[in-house]
Amino acid sequence: MKLYGYFRSSTSYRLRLALQLKGLEYENCPVNLVESQQKGEAFAGRNPFATVPMLEVDGKDRVQSMAIIEWLDEAYPENPLLPADIERRYLARELAYAIATELHAPLNLPVLKYLKSEYGQDQDGVDTWYRHWLARTLQPIERRLAQLNTGDFLFDKPGFFEVVLMPQIYNARRFGYDFSDAPHTTRIEAACLALDEVQRAHPDNQNDTPEGETVQ
């Protein structure tokens, strides 16, 4: 397996987490989003979306992180990310897709650049935008976790939901989001960060992480 991604890309981080938690070996192949390498013919010719991540398996390219993660669970059933019970599977998807569908689109890099170039927003304005949309989804997720009375993870181990949650928390902290009223979310974050698999997937620990880069 070859994973084409960028150290700080939340969708790349999702896929690294999924691969690590499933115990699958892969080669990390950096694609520099800052230099727009994903738009070059060498990459976009293989991936018409010109986005990361892209996972190459047995000579076939797969794109779109959520689709890849579900495919991995079907193609490699050992160490499943989704529970066997249908109701638990639903809950994992409910929470994971809330993040993937409600937050990724308004908060990804092209949108943030557009806010600056077309609407004249400075970094403070972009940060305010970012935190506004985070709150619209992360606060309901915290309330849902409270309803479910979750412990260290949504269920008995990190899985589909945590794979999507952790990259969003990482980015939220970079933009100064306040987690002081999110004890369930931050407990899950701490439990995940204590795991070697999660540390290996973390943006700070990739072969394209700039020297001295640390989580904020």
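Select Glu94 and Arg144 to begin: these residues form a salt bridge, with the closest N and O atoms 2.7 Å apart. A salt bridge here is a side-chain nitrogen of Lys or Arg within 4 Å of a carboxyl oxygen of Asp or Glu. The pair joins distant parts of the chain, since Glu94 lies in helix 4 and Arg144 in helix 7 (residues 123-148), 50 residues apart. Helices (H or I, at least four residues) and strands (E, at least two) are DSSP runs, numbered from the N terminus. Glu94 is partly exposed at 22% relative accessible area, and Arg144 is partly exposed at 26%. Buried means under 20% relative accessible area, exposed over 50%, and partly exposed in between, for a 1.4 Å probe and protein chains only.

The model is predicted: local features need pLDDT of at least 70, side-chain atom pairs count only at pLDDT 80 or more, and totals for chains, interfaces and linings use all residues. Residues are numbered from 1 along each chain as its sequence is written, and side-chain values use heavy atoms, with hydrogens and water left out.

Next, select Arg93 and Glu70. Their side chains meet in a salt bridge of 3.0 Å, N to O. This pair also links distant parts of the chain: Arg93 belongs to helix 4 (residues 86-102) and Glu70 to helix 3 (residues 65-75), 23 residues apart. Arg93 is partly exposed, with a relative accessible area of 29%, whereas Glu70 is buried, at 16%.

Proceed to Arg46 and Glu56, a salt bridge whose closest N and O atoms are 3.0 Å apart. Arg46 sits in the loop between helix 2 (41-44) and strand 3 (54-57), while Glu56 is in strand 3, 10 residues apart. Arg46 is partly exposed at 34% relative accessibility; Glu56 is buried at 19%. Across the whole structure, a search finds 6 salt bridges.

Finally, select Lys22, located in helix 1 (residues 10-22). Is this residue buried or exposed? Lys22 is buried, with a relative accessible area of 3%. Its side chain makes a polar contact with the side chain of Asp73 at 2.8 Å. A polar contact is a pair of N or O atoms within 3.5 Å; within protein, one must be able to donate a hydrogen and the other to accept it, and residues adjacent in sequence count only if both atoms are side-chain atoms. To view the surroundings, display the residues in contact with Lys22 (heavy atoms within 4.5 Å). Leaving aside neighbours within four places in sequence, these are Leu72, Asp73, Tyr76, Pro77, Glu78, Asn79, Pro80 and Leu81.
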